[in-house]
Amino acid sequence: MTSAAYEHTAPARRSRSLPTAGTLQWLVWLLVFGLVLGPFVPLLFASVRDRPLYQAGGVFTLAAYGDLLHDPAFWRAALHTLEYASLTTALSVVAGGAVAILVARTDMPGGQAFGRLTLLPLLLPSLGIVLGWIVVWGPGGYLSSQIQSHLHIGTLDINSIPGMAVIEATRLLPVAYMTCEAALARADSSLEDAARSAGAPPLTVLRRITIPMLRPALLNSGTLIFTLSIASLGIPLLLGTPHNIQFVSTYLYLQWTNAATPDSPIVSAGAMLLLLVATLLLLLRNRLLGAEARYVSVAGKAGRTAMLSLRVWRWPLACAIGLYLALSTLVPVLGLAVMSFVAFLTPLIAPWHLFTWSNWQILGTGVYLRSIEHSALLALVGGIVTTAVVAVGTLVAHRSKLPVRRTLPFVMLYPRAIPGLIIGIGFFWAFLETGGPGSFLRQSIWGILLAFCIRNLPFAYVVMYPTLTRIGEELDRAGRSVGASWWRTCRTIVLPLLRPALFASFILMFVEILNDYDPALFLVRPGTEVIGTTMLDTFLQGIVGPVASLAMVQVGITVIVLALGTFVFKVRVSGGHDA
Amino acid sequence: MNSKSRVAVVVLALAALVALASVVGVASAAKKPNPLAPLIAQSKKESGIVVYGNPPSANFTNLVAAFNKQYPWVKVTEYDLDDNTIFSKYASESAQGVRTADLLIASAPNLWVYSSRQGYADKSFTPIGLDKYPTWAKQFKGIFVMSPDPAIIVYNKLLLKGTVPTSVAQIAANPSTYDSVTGYTVDNTFGYTGLYGYVALNGWSNLQKIAKRLKPQTGVGAQLQLLAQGGAKAAYLTSPTARFTISSNAQYRQILDWSYVKDGTGLVPRGIAVTKHAASPASAKLFLDWIYSNAGQQAMCDSGFTAYKTGFKPSNGCTNTLSDVYAKVGVKKVYMPGFTQKFVNARPKFASTWHGIFG
């Protein structure tokens, strides 16, 4: 798409500027390619050795794969994972698609506001929200025990696989919602109008036209949600493990941290298998969609959309969505907030009798303070660095003549489909195998930063790419025709026009890095904790109060940064998130 | 021998005597000062202790505060971890040659047996006052029992309205009163050790009666939360560190209380060792030594652990002592497992029986 355009631009000048531009482009390509795919090489190596790489000796063997595949616990975990991922996918795709149709195609009151609020779980700290669910809806949770004692009915057991799937589905529903909403916004509603004018009742229009039209979006988001849920670690670890329900992710994590012989090659072998599955799913998704259609373009609508009238169902449906948002997001966040101010949350004693500042005071000490400082620093530095690298990477991918540029979009989207724990284990071995620099990264917070940046880099790309496609290439050509080098054209013309996307990318990266945790679980060591790892460790020891206040710190910073982004930089999170 | 040489022999003998006397003098003078002096001097050059341990942070922080009264320059950082993770994390980090724990504390006899075989512990130091303790205080070279913790019952006194559970048999026999119970899963090593002691004394029958009423948890913190929330009425065979949580926190005191398990108390030996790859070995040894001093035993009692120095009486009426357990439960109803291979070998069968009952 971009290459042909440059064939005709000022050849004399370009020949002088190309070597530097070419070098820069190659460097960026190498950097992105090396950092995203590099860690998988030591991971593969670790999986075919008979002992951890740091131990002397060792021989090549496939025994780890054999041991893994002969372990009945692994297969049980795989079955649980399949059940969980299928349920999560079904729930979030159906519900996300329904909300998208209601928001984009009907006259439901408050549609736009509901649309924005539906996105919240994607941006709020996922670990914190899960803890909120546990505080409110868990066994002995505040609301679940109230409902049980007053109404004498049981609530959903969130420690079961369906219970965990519901929580995961509420977290991933926005992915389905965004994809479907973007597809509906792009699609012309004239087909639906035609059917209606031919006398088809609304439900028939929905069944025969709208839903079939959404099929690619549903398939796309479904595959992504399936991939994300097989990689999920927090929910299975906090809710499944106490009840002896293991998933592949928790099986690998516990093998890594709890086994008598740590860092076993079995874990690396399991991570390689998971990597293979995730890659196959990504390829399948690309095939389903066609290479270029996998992210949402921000193209204009084909025409004004006529809204389907819900009539008497307008308010009940709006209330249902409102109730869903309240129960799935607002109530857990409120639960966390209250929990952070009490010694414990119980229906037996009114919360004000249990009031305490101690959960907040403790944040000013030791590991808690260190974690907050680290996370804030990493989010800031990571946000800036990743935005800069991805901006140049996106330019190389779509505005250069580099022969290998077409590999970049895939590479920049790849980490989104890779479980965080694989990235964590991959970097763990990569740092160990790269001598001095690796050792520095392994023992400092910067190693964790690198893993976080790579893990979340797709967010920056999916924000930048649609904006870049809207910047006409004739502007570049104009710059080049008057003799500017590739880099100068990018720097003085394209990047300034890309500024809103750069801000949006920074905001998103900041939030995602602040709230990320699972790659760090494999890299963290005394003195390099981040909020997420401290929350998880503390919660696993059964201490809830300080975890709630840490989660509130995350929620607070996230909301403030997003609000700043929305109001000051006019950043709007929409579309493209579905990469 | 002529007179000259005779004089020379006498002079030499005198010189030798003087030299010997001065050596002996030096030696006896060296015994009098604090034998820990070299450790103290070295600890001042070290950068504090990292502890991978299973005691809840609140209990351990209280203990460290008392330790710091005597050794204010030793900064102690504790990571509250699962027993398995404590050893696994140490093994991984020490093999990689990065900063790791100086002290390990875990209620896991089976893992201590393993770590003694793997040589995780520094064997060069034994706490000075250890002869005032039962012989089992030292399990292996360099691996000691920090606290023989009795598995106890914690209960929600608001929900039980005056009924005090004092035995597992009582909980087992009253499903209507104790319709929801919590406790450790067998996968937690503290849980396994406490259950093992109880089953050794009483068999499985009472646990079978509880069966589906149990909401198992992996840690004592989660059990206390569940009890306080009203999600369970009692926690059986749980960690006595809860004694400190209840006594030090007025809000927990409104709702929770605890009692000994009178039909069979499994002691859970909480082991402690200075690690072989400690970055601050002298500071860690000072901490280890201090635990077994009178001040250390007082602080252990005050922090909800179990003081067990023979003849030691806490000065403030604190009752978290082994002698109190023996007095209230009776010696015959107390079971102390050692860090033995027998205990290790019993685990798989025990765990599968437990999972057969509780899921």
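Biologist: What is the mean pLDDT of chain B?
Modeller: The mean is 89, and 91% of the residues of chain B reach 70 or more. pLDDT is the predictor's confidence in each residue, from 0 to 100. This is a predicted model, where local features need pLDDT of at least 70, side-chain atom pairs count only at pLDDT 80 or more, and totals for chains, interfaces and linings use all residues. Residues are numbered from 1 along each chain as its sequence is written, and chains are lettered from A and ligands numbered from 1 in the order in which they are written.

Biologist: Which element of chain B has the lowest mean pLDDT?
Modeller: Helix α1 (residues 3-31) of chain B, at 50. Helix α13 (residues 281-291) of chain B has the highest, at 97. Helices (H or I, at least four residues) and strands (E, at least two) are DSSP runs, numbered from the N terminus.

Biologist: Where is the pLDDT below 50?
Modeller: Over residues 20-30 of chain B. Beyond near neighbours in sequence, that stretch has 0 contacts in the model. A contact means C-beta atoms, placed from the backbone, within 7 Å. Where pLDDT is low, the predicted coordinates should not be read in detail.

Biologist: And the scores for the model?
Modeller: ipTM is 0.76 and pTM is 0.83.

Biologist: How many helices and strands are in chain B?
Modeller: Chain B has 16 helices and 12 strands. Its C-alpha atoms fill a box of roughly 105 × 45 × 40 Å along the principal axes. Of its 359 residues, 52% count as buried. Buried means 20 or more other C-beta atoms within 10 Å of the residue's own, exposed means 12 or fewer, and partly exposed is in between, with C-beta atoms placed from the backbone.

Biologist: Now chain A. At what angle do α18 and α25 of chain A cross?
Modeller: Roughly 140 degrees, with the axes of α18 (residues 366-399) and α25 (residues 499-515) of chain A coming within 8 Å. Axes are lines fitted to C-alpha atoms, for helices over the stretch in contact, and angles run from 0 to 180 degrees between N-to-C directions. α18(A) and α25(A) are therefore oblique to each other. Under 35 degrees is roughly parallel, over 145 roughly antiparallel, 65 to 115 roughly perpendicular, and the rest oblique.

Biologist: Which residues meet there?
Modeller: Among them are L378(A) and V390(A) in α18(A), and F506(A) and M509(A) in α25(A). This contact has 12 nonpolar, 6 polar and no charged residues.

Biologist: What about α5 and α10 of chain A?
Modeller: The axes of α5 (residues 72-105) and α10 (residues 161-186) of chain A come within 5 Å and cross at roughly 40 degrees. Their contact has 24 nonpolar, 5 polar and 4 charged residues.

Biologist: Last one. What is the phi of N244(A)?
Modeller: About 65 degrees, a positive value, although N244(A) is not a glycine. Most residues other than glycine have a negative phi. N244(A) lies in the loop between α13 (234-240) and α14 (248-258) of chain A. With 14 C-beta neighbours inside 10 Å, N244(A) counts as partly exposed.

Definitions and conventions: Contact = placed C-beta atoms within 7 Å. Nonpolar A, V, L, I, M, F, W, Y, C, P; charged D, E, K, R; others polar.
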